[in-house]
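Please open the model in your viewer and keep the sequence beside it, so that each selection can be followed in both places.

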Amino acid sequence: DQSAWTLAVLVAGAAVALFLTAGSLLKALYVVHWLIWRIPRVIPAGVVPRLILIVFTLAVSALGVVVNDVRRSSGIAGAVTAIVVVTALSFGLWWRVSWKLPHAPAPARALVPGALLMAIGADVLHLLTTYWIGHLVARKTSTYGSVGIALAVLLWVYILGRIIVASAGLNAALLYRAEGPIQPDDDPHLP
């Protein structure tokens, strides 16, 4: 059957594109952290980090759908629950991701300010997406079509990227302010 073959080719192509995009995202995250933390290059090795990123992204997307369903069905209590859940998960997950990404030798608590910034930023993005951008896109779909949706998604990704960079910068700035920049003699990994 032609439609089954077409679907299989589309799914395979999407899987390859997703895998390549995950690699590019990982590379961008690593480069940002090298530059902000002023540390030598560390390359994410192998297929496993890409697969973890893909599973993580799909899990967060599924969780977003569940949180929005709870918010819609529970009124104000659901909205407050959604905000608390998004904040807590964003904080915990970004703190863990920050710990796994390259950074200067630092205690775990040194990554808390960036995780808090990420949590607040994710909350603001969630609220903007839920209460403003979603309704705006729904109303303007007939006017702007898929281009409008693509622009809204690109704006969202741009803002999220700025929050990610700001969270790493905040962590590095606070650590370097408290302890001073790392000198080559302090860390055997630096040239």
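What follows is a tour with one selection at a time.

**Before you start**

This is a predicted model, in which local features need pLDDT of at least 70 and side-chain atom pairs count only at pLDDT 80 or more, while totals for chains, interfaces and linings use all residues. Residues are numbered from 1 along each chain as its sequence is written, and side-chain values use heavy atoms, with hydrogens and water left out.

**Stop 1: the whole chain**

Along the principal axes, the C-alpha atoms fill a box of roughly 65 × 45 × 25 Å. Of the 191 residues in the protein, 27% are buried, where buried means under 20% relative accessible area, exposed means over 50%, and partly exposed lies in between, with a 1.4 Å probe and protein chains only. Among the contacts with a separation of 6 or more, 72% join residues 24 or more positions apart, and contact means heavy atoms within 4.5 Å.

**Stop 2: where α1 meets α2**

Select residues 2-37, which are helix α1, together with residues 48-100, which are helix α2. How do the axes of these two helices cross? They come within 10 Å and cross at roughly 100 degrees, the axes being lines fitted to C-alpha atoms over the stretch in contact, with angles that run from 0 to 180 degrees between N-to-C directions. The two helices α1 and α2 are therefore roughly perpendicular to each other, since angles of 65 to 115 degrees count as roughly perpendicular, under 35 as roughly parallel, over 145 as roughly antiparallel and the rest as oblique.

Now show the side chains of the contact: on α1 they include L18, F19 and Y30, and on α2 they include P49, R50, W94 and K100. The residues of this contact divide into 13 nonpolar, one polar and two charged; Ala, Val, Leu, Ile, Met, Phe, Trp, Tyr, Cys and Pro count as nonpolar, Asp, Glu, Lys and Arg as charged, and the others, Gly among them, as polar.

**Stop 3: the core and W37**

Next, select W37 and W94, which touch the most other members of the 24 residues in the largest nonpolar core. Such a core is a set of buried Ala, Val, Leu, Ile, Met, Phe, Trp, Tyr and Cys residues joined through side-chain atoms within 4.5 Å. The elements that give two or more residues to this core are α1, α2 and α3 (112-179), and α3 gives the most, with nine residues. In soluble globular proteins, nonpolar side chains tend to be buried together.

Keep W37 selected and look for its partners: beyond its neighbours within four places in sequence, W37 is in contact with residues including P102, H103, L111, N171 and Y176.

**Stop 4: two aromatic pairs**

The structure holds two aromatic pairs, a pair being rings of Phe, Tyr and Trp (its six-membered ring) with centres within 6.5 Å, called stacked if the planes are under 30 degrees apart, edge-to-face if over 60, and tilted for the rest. The ring centres of W37 and Y176 are 6.1 Å apart and the planes stand at 80 degrees, so this pair is edge-to-face. It links W37 in helix α1 with Y176 in helix α3, 139 residues apart, and both W37 and Y176 are buried.

Then select W95 and W99, a stacked pair with 6.4 Å from centre to centre and 15 degrees between the planes. Because they lie four residues apart in helix α2, W95 and W99 are separated by about one helical turn. W95 is partly exposed at 26% relative accessibility, and W99 is partly exposed at 33%.

**Stop 5**

Finally, move to R38, in the loop between α1 and α2, where phi is near 55 degrees, a positive value in a residue other than glycine. R38 counts as exposed, at 54% relative accessibility.
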